[in-house]
Every structure is written in structure tokens, then in C-alpha cells.
Amino acid sequence: MRRSLFAAVVMGVLVPLVALAQTPAPPAAVEPKPAVPKAYVPGLEQFMNVILIEHNKLWFAGRAGNWPLAAYELGEIKEVMSDVQDLVPVFKSLPLADMMDAVIVKEIADLEKAIEVRDAKKFAAGFDRLSAACNACHRATENGFIVIKRPTRPVFTNQDYRPHR
Ligand code: HEC
């Protein structure tokens with residue numbers, strides 16, 4: 001009698017306990033989603049790589065005499081740069097937003113004028129000055145190993161740079 005009671009206790013209490021210990025822990029309660037998702041701010045190099053693509057497109061648009069496209073690409077470069085100023089105003093304790101104003105605003109304005117008057121020669125010279133300004137900031141931020149130059153071919157071959165109506 002005693003024995004079977006003991007056995008019953010073992011079977012009835014311990015066995016389920018052991019089984020419980022072996023079952024994997026239930027998944028942690030899913031944390032409630034915050035009302036506003038965390039904002040994703042891309043790294044500076046991601047902005048810069050977009051600027052690099054637009055810099056390439058800008059060159060081939062200008063070379064093809066597609067002035068509306070050239071104006072568009074330069075406008076996009078300005079837009080990304082202004083995003084950089086808003087989202088990465090300070091980079092490795094350097095005042096990146098202020099540096100951008102100091103180093104490249106004039107070069108962009110000059111190139112805009114060349115595009116406006118549809119002057120291929122001024123465009124080429126202005127493009128080189130723009131690239132020199134990119135490099136000036138790279139040197140000033142200890143990134144002098146990142147060197148921007150005139151491209152020799154379009155990054156993409158599935159965009160037609162010739163003027164179209
Ligand atoms: C105000 C400063 C500034 C200006 C102006 C600037 N850059 Fe940069 N650029 C940087 C910094 C800083 C980095 C390094 C980013 C990092 O370490 O994540 C960089 C990195 C880059 C890179 C390397 C990205 C990679 O992952 O390989 C490219 C390409 C680049 N810049 C293109 C340009 C071009 C093209 C222009 C001009 C049209 C330009 N940049 C103008 C500051 C600048």
C-alpha cells in the first residue's frame with residue numbers, strides 16, 4: 001500500500017515535472033511594436049555611393065548634350081548632399097554639413113550656370129572643378145585615398161543619355 005502510494009506520487013508528480021523540465025521553454029512574449037518604428041539612417045558611404053552614380057550620369061548627360069538630364073542629375077546630387085547635411089551633420093567629430101557648404105556650393109552653382117547656357121566646354125571644366133571639390137573634402141576628412149575623376153564609361157548601359165523629345 002505504502003509502496004504503491006509512493007509509486008503513485010512519483011508517477012503523478014515527478015514524472016510530469018521531469019517532462020515539463022524537458023519541454024523547451026515557451027517562446028518569450030513578443031514585445032509590443034513601438035508606435036513609431038526606429039528610423040533608418042544610412043551610413044555616409046551609402047549617400048556617397050549614390051552621389052558617385054549621379055556624378056557618372058551627370059558626365060554622360062552633359063557629353064551627350066542632354067542638358068535637361070544634366071540639370072536633373074546635378075539637382076539629385078544637391079538633394080543627396082542636403083540629406084547628408086540634415087542626417088550626418090557631424091562625421092567623426094568633423095562638421096561635415098559646414099564643410100559641404102564651404103567646399104562645394106560654388107562649384108555646383110558654376111556648373112548649374114554652364115548647364116543652363118548649354119556650354120559643353122564650360123560644362124567639362126566645371127565638372128572637373130566639381131570633382132576636385134569632392135576630393136578636397138575627402139582629403140580634409142582623412143579620406144584622401146578616395147579620389148573622384150572623370151568617368152570613361154557609363155555605370156549603366158540601359159539608360160540612353162542622348163537628348164529625346
Ligand atoms: C563635405 C565633405 C564631402 C564632400 C563634399 C564629398 N564627400 Fe565623398 N566622402 C566624404 C567622407 C567623409 C567619406 C567617407 C565616408 C565613410 O567613411 O563612411 C566620403 C566617401 C566617399 C566615397 C566612398 C564610398 C565608398 O563606400 O566607397 C565616394 C565614392 C564619394 N565619397 C564620392 C563623392 C563624390 C562623387 C563627391 C562630389 C560630387 C563627394 N564624395 C563629395 C565626404 C565628402
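Visitor: Which residues does Asn56 touch, not counting residues up to four places away in sequence?

Guide: In this predicted model, Asn56 touches Pro151, Arg153, Pro154 and Val155. Asn56 itself is found in helix H2.

Visitor: Why is Asn56 called buried?

Guide: Buried means under 20% relative accessible area. Asn56 has a relative accessible area of 9%, so Asn56 counts as buried.

Visitor: Let's move to Tyr161. Where is Tyr161 found, and is Tyr161 buried or exposed?

Guide: Tyr161 is found in the segment after H5. Its relative accessibility is 7%. The cut-off for buried is under 20%, so Tyr161 is buried.

Visitor: What does Tyr161 touch, not counting residues up to four places away in sequence?

Guide: The list includes Lys57, Phe60, Ala61 and Ala64, and also Pro154 and Phe156.

Visitor: How many residues along the chain lie between the positions of Tyr161 and Gly62, and what separates their C-alpha atoms?

Guide: Tyr161 and Gly62 are 99 residues apart along the chain, and their C-alpha atoms are separated by 8.6 Å.

Visitor: Now the iron atom of the ligand. Which protein donors does the iron atom have?

Guide: They are Met48, through SD, and His138, through NE2. These donors lie 2.1 to 2.4 Å from the iron atom, and the cut-off for a donor is within 2.8 Å of the metal.

Visitor: How do you know whether Met48 and His138 are buried, exposed or partly exposed?

Guide: Met48 has a relative accessible area of 27%. Buried means under 20% and exposed over 50%, so Met48 is partly exposed. His138, at 12% relative accessibility, counts as buried.

Visitor: Which residues lie nearest the centre of the largest pocket?

Guide: They are Leu44, Glu45, Met48, His138 and Ile146, out of 25 lining residues. The largest pocket has a volume of about 560 Å³. H2 gives the most to its lining, with seven residues. By class, the lining has 17 nonpolar, five polar and three charged residues.

Visitor: What is the volume of the second largest pocket, and which element gives the largest share of its lining?

Guide: The second largest pocket has a volume of about 150 Å³. H4 gives the largest share of its lining, seven residues. Among the lining residues are Lys78, Met81, Ile104 and Glu112. By class, this lining has six nonpolar, two polar and three charged residues.

Visitor: And the whole chain: how many helices and strands does the chain have?

Guide: The chain has five helices and zero strands. From the N terminus on, the elements run α-α-α-α-α. Of the 165 residues of the chain, 30% count as buried.

Definitions and conventions. Residues numbered from 1 in each chain as written. Predicted model: local features only at pLDDT ≥ 70, side-chain atom pairs only at ≥ 80, totals over all residues. Heavy atoms only, no water. 1 Å grid on protein atoms, 1.4 Å probe; cavity = no way out; pocket = protein on both sides within 12 Å on 5 of 7 lines; lining within 4 Å. Points joined across faces, edges and corners; volume = space filled by probe spheres on them. Helix = DSSP H or I, 4+ residues; strand = E, 2+ residues; numbered from the N terminus. Nonpolar A, V, L, I, M, F, W, Y, C, P; charged D, E, K, R; others polar. Donors = N, O, S within 2.8 Å, 3.2 Å for Na, K, Ca; no water. Buried < 20%, exposed > 50% of the residue type's maximum accessible area, 1.4 Å probe, protein only. Contact = heavy atoms within 4.5 Å.
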